[in-house]
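Hi,

Here is the structure I said I would pass on.

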Amino acid sequence: MSAETPDYKDTLNLPKTDFPMRAGLPKREPDWLKRWEEIGVYDRLRAKAEGREPFTLHDGPPYANGHLHIGHALNKILKDMVVRSQQMMGKDARYVPGWDCHGLPIEWKIEEKYRAKGKDKDAVPVNEFRKECREFAEGWIDIQREEFKRLGVTGNWDDPYLTMDFHAERVIAEEFMKFLMTGVLYQGSKPVMWSPVEKTALAEAEIEYHDHKSHTIWVKFPVVRALEPTGARSELLGTQVIIWTTTPWTIPSNKAVAFNPEISYGLYEVISTPDECWAMVGDKYLIADALAESVFTQARLEEGQWSRLRDVTSEQLDLLVMAHPLRGAEGADGEWDYDVPMLPGDHVTDEAGTGFVHTAPSHGADDYILGVKHGLQMTYNVLEDGSFRDSLPFFGGEVIITPKGKEGKANTAVIDKLVEAGAMLARGRITHSYPHSWRSKAPVIFRNTPQWFAAIDRTVGDGQDSYGTTIRERALRSIDELVTWTPQTGRNRLYSMIEARPDWVLSRQRAWGVPLTCFVKKDAQPSDPDFLLRDEVVNARIAEAFEAEGADAWYAEGAKERFLGNDHNPNDYEQVFDILDVWFDSGSTHAFVLRDRPDGSEDGTADLYLEGTDQHRGWFHSSMLQACGTRGQAPYRGVLTHGFTLDEKGMKMSKSLGNTVAPEQVTKQYGADILRLWVAQSDYTVDLRIGPEILKNTADSYRRLRNTMRFMLGALDGFSEDERVAPEDMPELERVYLHQLAELDEQVRAGYAKYDFQGVFQALFHFATVSLSAVYFDIRKDALYCDPVDSLTRRSARTVIDETFHRLVTWLSPILVFTMEEVWLERFPGEESSVHLQDFPEPRPDWRHPEAQGRWNMARDVRRVVTGGLELQRQNKVIGSSLEAAPKVFVSPEMATLLDPEHFADVCIVSQIEITSEPVPDGAFTLPDIPGVGMVFAKAEGAKCQRCWKILPDVGQHANPGVCSRCNAAIEAAKG
RNA sequence: GGGCCGGUAGCUCAGUUGGUUAGAGCGCACGACUGAUAAUCGUGAGGUCGGAGGUUCAAAUCCUCCUCGGCCCA
């Protein structure tokens, strides 16, 4: 700069904004949260949206214990992006968050507390215990609510739904009583982990595994019927199937033997025996080949004393029928004179035992499933205290586990009887890991207990049959005809589960939940028609009481008399004290939220349920079954499932691996917007990875986007409606960008409509950082900074930036809730101003201008050749800034007519440009993928304008020294 | 062990009905600018598309097996 040329910087219109480059989100986000609460954004939106088409996202309730983990954050952020985007697209998008409050984990916490104080749970009145559970849940709800809010999740936080609300408990009971009245409900039995010491059922998590010394026995089951697959009589008749078990006491309850068709089996013959041996010469045994040797060893036979006769195929095994080893025993009174079928089962292995599994459906999980599948009879041989029922021949009254947790005589009694019957082949002892009660530390047993079931394949009989007559039919047809699945794969997963699932076990022997509000007739059998009391008047009394007092009413003194009233004699009925599976609670939310709340859904059906893939087995599933039983169809029209959060390497997060990422940690280090951006950048249809590197990357992307927004704010400084230019008056470049906005509008709406946040964000991010920042802004900086304030180009550019601003900020606001609010307020400050009260700007199809876009595509290709050639000169140190260049561009005659040199110089950010349709000369710079276009470099002629830095021939010939004519005019105009 | 899902550059993702040298952004390296400046602009280097077979003129894409990982069951 020479001494006589003034500093022109002040005469430029440089971008001006107070918007900080660095966000400081962790510190500032809480302020915006506070502000939203103060102006009541959620309520205002409800008021504003009145009369709009509703969109109901129904919240799957998290369990009210413990702090949030990253999976919760992912889930709620996705929900929030759905709700916000639907609202801004013109819907009335309500969101009522909920909590799941009943259930075992909370009971444990209270029990733990009792134990620490040396208090006995069983000595505490039920309602006192329930009260403590309720208070515990309330405490965590308050904590989790704050943690969710901190993530920027909007919704009706002041009035969420809780499964333990009195009204909810009333509705859950009512929904259950619908099952009672329609006949879907029945009493059956199922083996559960049972502690004879405490006389109670235990959940899996209440079990500890310790070493335990058990009996182990090998028992012969005589084959009494055998056919070849051809129908001919089989030689296997009269042979014996060998089973192995560590629970001899279950033999009296045997109903089948299981084999695995994948295992190879053989027929073995005993050739000779040592003394003192239960095997008999000539005996023929069926054993898995892999285990035969070990079995004979246990039976004290040495090599050579037995031989393998032949293969036995699974087809042959399938047709065998055995007798119970105690069949015909004297004094058994025919107790065991039934047939024992041979059944195929995948759970059978040839790693231990004999390859045949003794099956007692009342005393094992696999056994039970096999029993249900093949219609085996349940037995009721074992009582609450772990003793055999008195009427059981030989063993009545014998105890399996004594009240002190020691072994009773049941096992040896059974063994002795088997020896007597000649059914034993071998016996021994084994030390193995065995389940024990976490409370008494005593061994537990599998024992079938009465449980309440919902029949899945029974005709419901409530007349709501448009999707089928049974729960299963209704569910399967809903899946295909009513529900839209995102992603599609969710459909198959739920379908195959519901297709294959057994009846729903509704009852739990627990205290913290909604009771199965029903009465059974004393001394009646479950099969009797009057076994269950079905009385609408009684039901209504229960509902009324629960509404007022909650489900505690069921446990209050005199409840039975109160509910039965004068219509039934309390002495004739037993009150059921089991509680409902908590999945029935959450499966009923559609009734007490969607149906009963004014901010529920018009038709009681949600537009969307959105949860992790584990909820195919959980909430999607239970809600489906529950609703199909009570209202004949799915409670949702849409289901979105997301994957699980894994660490950076794709491994499961665990405290022991030290690879966990807590939401709180992220909000503290980066801010909730970064976490939300991480969600938007990820593909939620599969598992998502998160870790330090990924978060750093996300923060980098954020910074880049933030700077682009900052530039727009600066460029729009002082923008007023007077300078707005109509599209038809704009330069072509501006029309191209309006066209792109119109296209983006369509893309963004379509993306949000199908919950494709990743697609939306990538399109917007790419547009902002590439189309705008690297191209459009770079080109228009000259006009924005240097043109006279009223120049058409400058005003057009500001108009386009304004339109872009409104769209980008609103489109991104469902994702970056804090930052977009910050950006919005920078331009539109005001006590009640908020981007979250805006809708997306109306689509502008009239902005479409495909011809301009087509010409721009061509111009951009030519530009690439120019900038490519310039880069070469820059590398050769011929130029630094592109404004030092005045290239000559060789294009086709058609192109030449479309390129205006003055504008195209701006587009290429050079001082001068020459466009010619002469053929491309040798030595010109070209790009292989842009044929017919060449560039020959030349330095710009003239002097550098001290104001706009272009090198032009006329610089220095104007009133103001050292500037070009445009800048001279601009300075004069500014002087007014 | 079973059902379902996934493995494309350091990271996040594209890749249409199998069809030219597998794309983008971020990050990285180098350069330019110093009027978006703890910014901005440009150029470049990164991939045996988890592995092995097979079908085909042609496979990231279709088939089989294996492997690693995830959810849910057993």
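I'll start with a spot you can find quickly: leaving aside its neighbours within four places in sequence, Arg966 is in contact (heavy atoms within 4.5 Å) with Asp782, Cys786, Asp787, Pro788, Cys948 and Lys950. Arg966 sits in helix 28, residues 965-975. With 18% relative accessibility, Arg966 counts as buried; buried means under 20% relative accessible area, exposed over 50%, and partly exposed in between, using a 1.4 Å probe and protein chains only.

Some housekeeping before the rest. This is a predicted model, where local features need pLDDT of at least 70 and side-chain atom pairs count only at pLDDT 80 or more, while totals for chains, interfaces and linings use all residues. Residues are numbered from 1 along each chain as its sequence is written, chains are lettered from A and ligands numbered from 1 in the order in which they are written, and side-chain values use heavy atoms, with hydrogens and water left out. Helices (H or I, at least four residues) and strands (E, at least two) are DSSP runs, numbered from the N terminus.

Now the helix pair. The axes of helix 21 (residues 732-753) and helix 25 (residues 850-875) come within 9 Å and cross at roughly 115°. Axes here are lines fitted to C-alpha atoms, for helices over the stretch in contact, and angles run from 0 to 180 degrees between N-to-C directions. Helix 21 and helix 25 are therefore roughly perpendicular to each other (65 to 115 degrees counts as that; under 35 is roughly parallel, over 145 roughly antiparallel, and the rest oblique). On the helix 21 side, the contact is made by Glu732, Leu733, Val736, His739 and Gln740, and on the helix 25 side by Pro850, Ala852, Gln853, Arg855 and Trp856. Those residues divide into five nonpolar, three polar and two charged.

Strand 28 (residues 888-890) and strand 31 (residues 930-936) run antiparallel and are joined by three bridges, with Lys888 partnering Val936. Strand 30 and strand 31 are antiparallel too, joined by two bridges, and form a hairpin with two residues between them. Here Phe925 has Met935 as its bridge partner.

Most residues other than glycine have a negative phi, and most peptide bonds are trans. Tyr755, in the loop between helix 21 and helix 22 (757-786), has a positive phi near 60°. At 10% relative accessibility, Tyr755 counts as buried. Lys877 has a positive phi near 65° and is exposed, with a relative accessible area of 73%. You'll find Lys877 in the loop between helix 25 and strand 28. A cis peptide bond joins Thr486 and Pro487, with omega about -10°.

Cheers

Note on methods: Ala, Val, Leu, Ile, Met, Phe, Trp, Tyr, Cys and Pro count as nonpolar, Asp, Glu, Lys and Arg as charged, and the others, Gly among them, as polar. Two strands pair if DSSP finds at least two bridges between them.
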